[in-house]
Amino acid sequence: MLKIYDFKGFPNPARVRIALAEKGLTDKVKFVNVDVPGGEHRQAAFMAKNPSAAVPVLELEDGTCISECTAITEYLDNLSGEPVLTGKTAKDRAVIHMMQRRTEAGLLDAVATYFHNATPGLGSHIEIYQNREWGEKGRDRALAGMRYLDNLLADQPYVAGKQFSMADITAFAGLIFADFAKIDIPADLSHLKAWRARVAARPSISQA
Ligand SMILES: N[C@@H](CCC(=O)N[C@@H](CS)C(=O)NCC(=O)O)C(=O)O
């Protein structure tokens, strides 16, 4: 059986849990809890699976470990049919890849920079180096990322165009993380808020 090492409720694990639910694969994996707040992800046994010391990790039946939500999602997409989250045509695949990365860097990872540097984050035993100024910069980048998405979503239903994709999952997780880190979506970003409500109504989201 496939295994997912993660910590339920955290934003990156949520990306894979949403992808699994979208693909109807949730029952095909065994979830293994990694005590991230307790620092288990920094211990040798877990770092042998992911040297980046981060969850989630997908472990295949032959022992191959795949980290990075995008790589895991690509693997799941190749396992089963609709909806295809990473695109079908050359153009769709490239646009989804681009928008995913833009959203990951400009929103989700920017929120993470704020959370881990300018707030207590996961606690002093985990946050052994913090740079407050860099953290505040992350917050600015996250707010700019939200505004960018709001403009985009004025003209298209989903982050990469007409279809729900991996880029929407990344953006949705970015907003989950923003809530957690107490970065409010600016009140005037109505398109982003409407998109969020639309995506939140998908059955895959309530399962994550
Ligand atoms: N780019 C990675 C990010 C993974 C990540 O940062 N996960 C967080 C949990 S949401 C983590 O494990 N953090 C551990 C830490 O900050 O020490 C991915 O796509 O999987």
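**Reading helix packing and backbone geometry**

Modeller: Helices α6 and α7 are roughly perpendicular to each other, a label given to angles of 65 to 115 degrees, while those under 35 degrees count as roughly parallel, those over 145 as roughly antiparallel and the rest as oblique. This is a predicted model, in which local features need pLDDT of at least 70 and side-chain atom pairs count only at pLDDT 80 or more, although totals for chains, interfaces and linings use all residues. Residues are numbered from 1 along each chain as its sequence is written, and side-chain values use heavy atoms, with hydrogens and water left out.

Biologist: At what angle do α6 and α7 pack, and how far apart are their axes?

Modeller: An axis here is a line fitted to C-alpha atoms, for helices over the stretch in contact, and the angle, which runs from 0 to 180 degrees, is taken between N-to-C directions. The helices themselves are DSSP runs of H or I with at least four residues, strands are runs of E with at least two, and both are numbered from the N terminus. For α6 and α7 the packing angle is about 105°, and their axes lie 11 Å apart.

Biologist: Which residues of α6 and α7 meet?

Modeller: Contact means that heavy atoms lie within 4.5 Å. From α6 come D168, A171, F172, L175, I176 and D179, and they meet L192, W195, R196, V199 and A200 of α7. Sorted by class, this contact has eight nonpolar residues, no polar ones and three charged ones, where Ala, Val, Leu, Ile, Met, Phe, Trp, Tyr, Cys and Pro count as nonpolar, Asp, Glu, Lys and Arg as charged, and the others, Gly among them, as polar.

Biologist: How many of the residues of α6 are buried?

Modeller: A residue is buried under 20% relative accessible area, exposed over 50% and partly exposed in between, with a 1.4 Å probe and protein chains only. Twelve of the 15 residues of α6 are buried, so this helix is largely enclosed by the rest of the structure; among them are M166, I169, F172 and F177. As a check on its geometry, the expected span of a helix is 1.5 Å times one less than its number of residues, and for α6 this gives 21 Å, in agreement with the 21 Å between its end C-alpha atoms.

Biologist: What span does α5 reach, and what is expected?

Modeller: Helix α5, residues 132-153, has 22 residues and reaches 31 Å from its first C-alpha to its last, close to the expected 32 Å. Its buried residues are G135, G138, A142, G145, M146, L149, D150, L152 and L153. Seen down the axis of α5, these buried residues fall within an arc of 160°, so they line one face of the helix, the arc being that of the directions from the helix axis to the C-beta atoms. The face turned away from the buried side carries the exposed residues E133 and N151, whereas the buried residues pack against α4 (90-118), α6 (166-180) and α7 (190-200).

Biologist: With which residues is L143 in contact, leaving aside its neighbours within four places in sequence?

Modeller: L143, which is found in helix α5, is in contact with I183, D184 and P186 once those neighbours are set aside. The C-alpha atoms of L143 and D184 are separated by 8.7 Å, although the two residues are 41 apart along the chain. At 22% relative accessibility, L143 counts as partly exposed.

Biologist: Is T73 buried or exposed?

Modeller: T73, in helix α3 (residues 69-79), is buried, with a relative accessible area of 3%. Apart from its neighbours within four places in sequence, T73 is in contact with A19, L85, T86 and M166.

Biologist: Let us turn to the backbone. Where is K182 found, and what is its phi?

Modeller: K182 is found in the loop between α6 and α7, and its phi is near 60°, a positive value in a residue other than glycine. A53, in the loop between α2 and β3, likewise has a positive phi, of about 55°, although it is not a glycine. At 67% relative accessibility K182 counts as exposed, whereas A53, at 14%, counts as buried.

Biologist: What is omega for the peptide bond from V55 to P56, and for the one from E82 to P83?

Modeller: The bond from V55 to P56 is cis, with omega near 10°, and P56 is found in the loop between α2 (44-47) and β3 (57-59). The bond from E82 to P83 is cis with omega near -10°, and P83 is found in the loop between α3 and α4.
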